[in-house]
Each structure stands twice: as C-alpha cells, then as structure tokens.
Amino acid sequence: MPELYSEILLDHYHLPRNKGELPGETLSVEGANPLCGDEITLHLKFEGDVLLNVTFTGKGCAISLASSSMLTEILMGKTITEIQEWIERFKEFIREGKAPDGVDLGDLAALAGIAKLPVRVKCATLPWSTMKEAISRYKGT
Ligand code: ZN
C-alpha cells in the first residue's frame, strides 16, 4: 500500500524528530502495542501547564515511530489543554480518515490511510494514548 507509506511518513521514520533521552525530564511514560511489538517511551519536561520539551525513545514499526516523531513536533510548547484537544483531534482523524473541519493537521495528514487498516490503528495511536496517560499522571502529581 504505497499511499500509506507516503514520503512524509518515511521521512519521519528515517529522520525521527526529537528522538532520544531528555535530561531533566519531569516524567517518562511507556506505552506498548503487543500486537505489533511497538514499545514507545515519551519523555516530558513540563513547566506549570506548558510542555516545554518532549522526546521519545523505543522501537516499533514505521507507523508508530513516525506518529511519535510527529507528536513531538506538534505538542512541543503546547499547554495541557491544547494537548488534550490534539489527542481528541487525532483520535477523530484516525477514525474518520480525514481532518476535523477547519483543522490543519500538518504532517499528520500523511497518516490518513490508517483508518482503512484497523490492524495498524493501534500503531498510529500508541504515542497519543501514551501522551494521554502522561498528562493524567502529571496532573495527579
Ligand atoms: Zn506497529
């Protein structure tokens, strides 16, 4: 399915943005998708309700790694409220296969084909559900 493995997706896979440890992180959260073998850890540095920095480590398929790379680019510098909005937007996008009205998804649009491949949906959503878990843990501290 060449449409799925678009150039943008492969670019994020081969040249992942913000991949690596994050010295001085506030917390890190692991997420796993055993169906595919994806294991992603998000490393987050918060100041108040602003996500100052986010990186990821781990291994997985092209889709989970590209989705993680895109997540770090989009959510860096955002507030917790904005991050929660993005998580909901992303879920809707993956379910519907198109951007919610009036939303520019940027590079994420490259994942549109995933909606047609239920077996890969968990790969694409893994970093986003891990982020959701990270937010609830951070708020609980
Ligand atoms: Zn996967």
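Is Asn-18 buried, exposed or partly exposed? I looked up Asn-18 and found 29% relative accessibility, so Asn-18 counts as partly exposed. For this I took buried as under 20% relative accessible area, exposed as over 50% and partly exposed as in between, with a 1.4 Å probe and protein chains only. Asn-18 sits in the loop between α1 (7-14) and β1 (27-33). I also noted that Asn-18 has a positive phi of about 60° although it is not a glycine.

**Entry: what I was reading.** This is a predicted model, in which local features need pLDDT of at least 70 and side-chain atom pairs count only at pLDDT 80 or more, while totals for chains, interfaces and linings use all residues. Residues are numbered from 1 along each chain as its sequence is written, and side-chain values use heavy atoms, with hydrogens and water left out.

**Entry: the whole protein.** I listed 4 helices and 3 strands. Helices are DSSP runs of H or I with at least four residues, strands are runs of E with at least two, and both are numbered from the N terminus. Along the sequence the pattern reads α-β-β-β-α-α-α. I then checked the radius of gyration, taken over C-alpha atoms, against the globule rule of 2.2 Å times the number of residues to the power 0.38. A compact globule of 141 residues would have a value near 14 Å, and the protein has 14 Å, which agrees. The C-alpha atoms fill a box of roughly 40 × 30 × 25 Å along the principal axes. Of the 141 residues, 44% count as buried. I also looked at contacts, meaning heavy atoms within 4.5 Å. Among contacts with a separation of 6 or more, residues 24 or more positions apart account for 59%.

**Entry: aromatic pairs.** A search of the whole structure gave me 3 aromatic pairs. Rings of Phe, Tyr and Trp (its six-membered ring) pair if their centres lie within 6.5 Å; planes under 30 degrees apart count as stacked, over 60 as edge-to-face and the rest as tilted. The rings of Phe-46 and Tyr-138 have centres 4.0 Å apart and planes at 10°, so this pair is stacked. Phe-46 belongs to strand β2 (residues 38-47) and Tyr-138 to helix α4 (residues 118-140), so the pair ties together parts 92 residues apart in sequence. Both Phe-46 and Tyr-138 are buried.

I next read off Phe-90 and Trp-128, a stacked pair with 4.4 Å centre to centre and 10° between the planes. Phe-90 is in helix α3 (residues 80-96) and Trp-128 in helix α4, and the pair links parts of the chain 38 residues apart. Phe-90 has 0% relative accessibility and therefore counts as buried. Trp-128, at 1%, also counts as buried. Ring pairs join Phe-90, Phe-93 and Trp-128 into a cluster.

**Entry: Ile-135.** Which residues does Ile-135 touch, leaving aside those up to four places away in sequence? I found Phe-46, Ile-80, Ile-83 and Gln-84. Ile-135 is in helix α4, and with 3% relative accessibility Ile-135 counts as buried. I also took the separation of the C-alpha atoms of Ile-135 and Met-70, which are 65 residues apart along the chain, and got 18 Å.
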